[in-house]
Amino acid sequence: MSIKIESLTHIYMPGTPFEKKALDSVNVTINKGQFVALIGHTGSGKSTLIQHINGLLKPTSGRIIIDDIDITGRAVKLSSIRKKVGLVFQYPEYQLFEETIEKDIAYGPKNLGLSEDEISSRVKRVMKIVGLDYDTYKDKSPFELSGGQKRRVAIAGVVAMEPKILILDEPTAGLDPKGRDDILSQISALRDEYNMTIILVSHSMEDVAKVADRILVMSKGKCILDGVPSSIFKEIDTLESVGLAVPQVTYLVRNLRNKGFDISDEVFTVEQAKKEIIRVLRGARND
């Protein structure tokens, strides 16, 4: 279930005074099972790009190939593509509408024409993965929940359709630190459970550092950096030049290295920094 994006260009309102090139010949391949973070400043083209991947937008030029199918072709049924590509918009809790949590999560699978037994099985499975006990929460109104819990229900509703590709647009936006950690943990659990390809759009470098295998950096409609987190977070000057940053712990490690501490420059999470600092301190004590 690979994604191949070839020379993808999108121009909003072409031929008008408001014409804007949102994507400029983007070329990216995402392999099955990868956890990819898509980062960039506001207006960089992130949202436009993800809306092409499930056919919400059509390119001005270029194409997208998913599972060997050119989804930009005229003969393609977009409904079949959207069964394979699930998109969770920013603040998805605003899309909740059913009277109970169980009914809200079951809405998508019902539209797939699945049996009642299969629908029930999927609802129970995803509720367990996102940390909502079925018996406790199934009959509750989603509007009675906390912000973080509402977001879990919204994500569960998309995952219950069992897409092969899951795209999440700023899934931790507006949540407190515990809520952010919970959502990230559950997204990682979903990937492990379903072997999904996940694309995470985020402004939070700390979030990206915790979960992503690979990072794509967008600026002015182009993909300007593509690599594993350890290589991307070394590009501090480039990231700062496009209005981004690196995780705070990366700045700390850089400062410690500049002061002569023998700390690896591959550190970009708090846990990694903790281990490295303990290693350095123990080495100094032994000396």
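**Reading the sheet and the aromatic pairs**

Modeller: Let's start with the open sheet in this predicted model: six strands in the order S6-S7-S8-S3-S9-S10, with mixed pairing.

Colleague: Which strands stand at the edges?

Modeller: Strand S6 (85-88) and strand S10 (222-227) do; each has a single partner strand, so one side of each is left without a neighbour in the sheet. From one strand to the next, the twist averages 20 degrees.

Colleague: And how should I read the pairing?

Modeller: In general, strands of a sheet pair through backbone hydrogen bonds, either parallel or antiparallel. Here, S7 (residues 165-169) and S8 (residues 197-201) are paired in the parallel sense, over five bridges. To find one on screen, go to Ile 167, whose bridge partner in S8 is Ile 199.

Colleague: Which strands does helix H7 touch?

Modeller: Helix H7 (residues 177-194) packs on the sheet against S3, S7 and S8, and its direction makes about 140 degrees with that of S3.

Colleague: Now the rings. How many aromatic pairs does a search of the whole structure find?

Modeller: Three. One of them joins Tyr 91 and Tyr 94: the centres are 5.8 Å apart with 20 degrees between the planes, and the pair is stacked. Planes under 30 degrees apart count as stacked. Tyr 91 is partly exposed, at 29% relative accessibility, while Tyr 94 is exposed at 67%.

Colleague: Why is the pair of Phe 233 and Phe 268 called tilted?

Modeller: Their planes stand at 55 degrees, with ring centres 5.5 Å apart, so the pair is tilted. Both residues, Phe 233 and Phe 268, are buried. This pair links distant parts of the chain, 35 residues apart.

Notes: Residues are numbered from 1 along each chain as its sequence is written. This is a predicted model: local features need pLDDT of at least 70, side-chain atom pairs count only at pLDDT 80 or more; totals for chains, interfaces and linings use all residues. Side-chain values use heavy atoms; hydrogens and water are left out. Two strands pair if DSSP finds at least two bridges between them. Helices (H or I, at least four residues) and strands (E, at least two) are DSSP runs, numbered from the N terminus. Axes are lines fitted to C-alpha atoms, for helices over the stretch in contact, and angles run from 0 to 180 degrees between N-to-C directions. Contact means heavy atoms within 4.5 Å. Rings of Phe, Tyr and Trp (its six-membered ring) pair if their centres lie within 6.5 Å; planes under 30 degrees apart count as stacked, over 60 as edge-to-face and the rest as tilted. Buried means under 20% relative accessible area, exposed over 50%, partly exposed in between (1.4 Å probe, protein chains only).
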